[in-house]
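Have the viewer ready, and we will go from charged pairs to aromatic rings.

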Amino acid sequence: MSAPAAPARPAAERGVPRRLRLDNGLRVVITEDHDAPAVAVAVTYDVGFRSEPEGHSGFAHLFEHLMFEGSEHVGRGLHARLVQAAGGIFNGTTHRDHTAYYQVVPAEALERVLFLEADRMRAPRITEETLAHQIAVVGEEVRRNITGRPYGGFPWVQLPPAVFTTFANTHNGYGDLADLRASGPDDLAAFFDAYYAPGNAVLTVVGAVDADRCAKSIARHFGPLPARPVPPRARFGEPEPTADRIDVHDVPGLPLPALALGLRLPDPVGDFDGYRAATVLGALLGDGETSLLHRTVVRERRLATFVHAGAGLTGVPWEVRDPDVFVIRAMTPAEHTAEAVADAAFEALERLADKGPDPAALTRAAARLATEQYLTLDRLGSRARAHGRFELHHGDAALADRLPERLLRTTPRQIADAATALAGRHRRGVLLRPAPTHGGRG
């Protein structure tokens, strides 16, 4: 029998994030963690697909691809080869309110990665050839992940138009391929100039480094980059919906109907504790087979074959600024049961609002979320990205390290208040149902 895994150490024992800012505006967070001879470097830019104006949808995600096509002193495809040659891994991700790039490499490769990130922050290569190539890549990604799958993108693609009204909040990260195909290198260069300035980014380093020497290396590589104007921080808030609305989509080849409800959440930044309580409420309500909705909707009433609830449009909280949504989704055996599932979900919210949660169930749910967060922070790459997000959105990288303890402090009263707020929202959602088939004689 193998020995039980050691519990993740609290983040406070691993090193306190050190914050500084370069003259060009670049925010820097360095955290020493000598558990392994490795280091993670992440750059988080304050631009996501909610920042895209109409006519330029999909630019944030497309630009994430273009940032791997070479830069001033790095040839096409060389960024990936240099990281892999050092024994490292890399990736980039686009979200609603930020775009992040990261590498995890042996500690001795830190200088190499800092050079690579600084070079593409200075001047990525954007040509007709690289643009056409990456637009084709994005088109294939859309086909593979969205249009070529029965439940492709559900619910983060289909739900926003039912919950929100503005272009910023309703369009998805892939955007309209027609917008991408109509773009040229000058359009993407203007996007870079607007959003990829040093002052619009956070550089985070986590791992086996000496903080003082690391700060000097960062200054050497990033300090010469000129400061550029930084766009005003965008706000995407909308008034609350004033009526119920369920959009229905007939989808060919769909095995079973799928329902998603989106209920507006408190501001993750302005009402941190309200948002935090909603994340724990999600675990209580519909995360796993012990949750309230699974027990009532799936096992007892047999209204659904699957049900889940949680904070965050994509199922991951703490990745955005306001507004965000609490999502309840279910797979139902028949279309007519979708309304019954929605009724059951609101009944459960009203019960929690009225009576509060079972204390033992609350303890288990909060502990599970805290453990997940500790495990995330235990991975260098994930911790570097979390520090970047929390520094960018909340102005406090160390808040990511304190989050598990904050989750454990969630009280029954806070859960009841969160349930009360959600139960008072209008039902806004989307129902995917199998498109009718029409048989005929040949």
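This is a predicted model: local features need pLDDT of at least 70, side-chain atom pairs count only at pLDDT 80 or more; totals for chains, interfaces and linings use all residues.

- Glutamate 140 is partly exposed, because its relative accessibility is 34%, which falls between the 20% limit for buried and the 50% limit for exposed.

**A salt-bridge network and the total**

- In total, the structure holds 25 salt bridges.

**Salt bridges between distant parts of the chain**

- Arginine 76 and glutamate 129 meet through their side chains in a salt bridge, at 3.0 Å from N to O.
- This pair links distant parts of the chain, 53 residues apart: arginine 76 is in the loop between helix H1 (59–66) and helix H2 (78–85), while glutamate 129 is in helix H4 (residues 128–147).
- How accessible are the two partners? Arginine 76 has 36% relative accessibility and counts as partly exposed, whereas glutamate 129 has 55% and counts as exposed.
- Glutamate 111 and arginine 220 form another salt bridge, with an N to O distance of 2.9 Å.
- Here too, distant parts of the chain are linked: glutamate 111 sits in helix H3 (residues 110–122) and arginine 220 in helix H9 (residues 211–222), 109 residues apart.
- Glutamate 111 has a relative accessible area of 31%, so this residue is partly exposed.

**Aromatic pairs**

- How many aromatic pairs are there? The count comes to 15 aromatic pairs.
- One of them is formed by phenylalanine 63 and phenylalanine 191, a tilted pair with 5.8 Å from centre to centre and 40° between the planes.
- Because phenylalanine 63 lies in helix H1 and phenylalanine 191 in helix H8 (residues 185–195), this pair ties together parts that are 128 residues apart in sequence.
- Is phenylalanine 63 buried or exposed? At 0% relative accessibility, phenylalanine 63 counts as buried.
- Phenylalanine 191 counts as buried too, with 6% relative accessibility.
- Phenylalanine 191 also pairs with tyrosine 195: the ring centres are 5.0 Å apart and the planes are at 50°, so this pair is tilted.
- Phenylalanine 191 and tyrosine 195 are four residues apart in helix H8, so about one helical turn separates them.
- Tyrosine 195 is buried, as is phenylalanine 191.
- Ring pairs also build a cluster that links Tyr45, Phe59, Phe63, Phe68, Phe90, Tyr101, Phe191, Phe192, Tyr195 and Tyr196.

**Arginines over aromatic rings**

- Where does the charged end of arginine 385 sit? That end is over the ring of tyrosine 102, at 3.9 Å from the ring's centre.
- Arginine 427 lies over the face of phenylalanine 346, and the distance to the ring centre is 4.6 Å.

Conventions:
Residues are numbered from 1 along each chain as its sequence is written. Side-chain values use heavy atoms; hydrogens and water are left out. A salt bridge is a side-chain nitrogen of Lys or Arg within 4 Å of a carboxyl oxygen of Asp or Glu. Helices (H or I, at least four residues) and strands (E, at least two) are DSSP runs, numbered from the N terminus. Buried means under 20% relative accessible area, exposed over 50%, partly exposed in between (1.4 Å probe, protein chains only). Rings of Phe, Tyr and Trp (its six-membered ring) pair if their centres lie within 6.5 Å; planes under 30 degrees apart count as stacked, over 60 as edge-to-face and the rest as tilted. A charge sits over a ring if NZ of Lys or CZ of Arg is within 6 Å of the ring centre and within 35 degrees of the ring normal.
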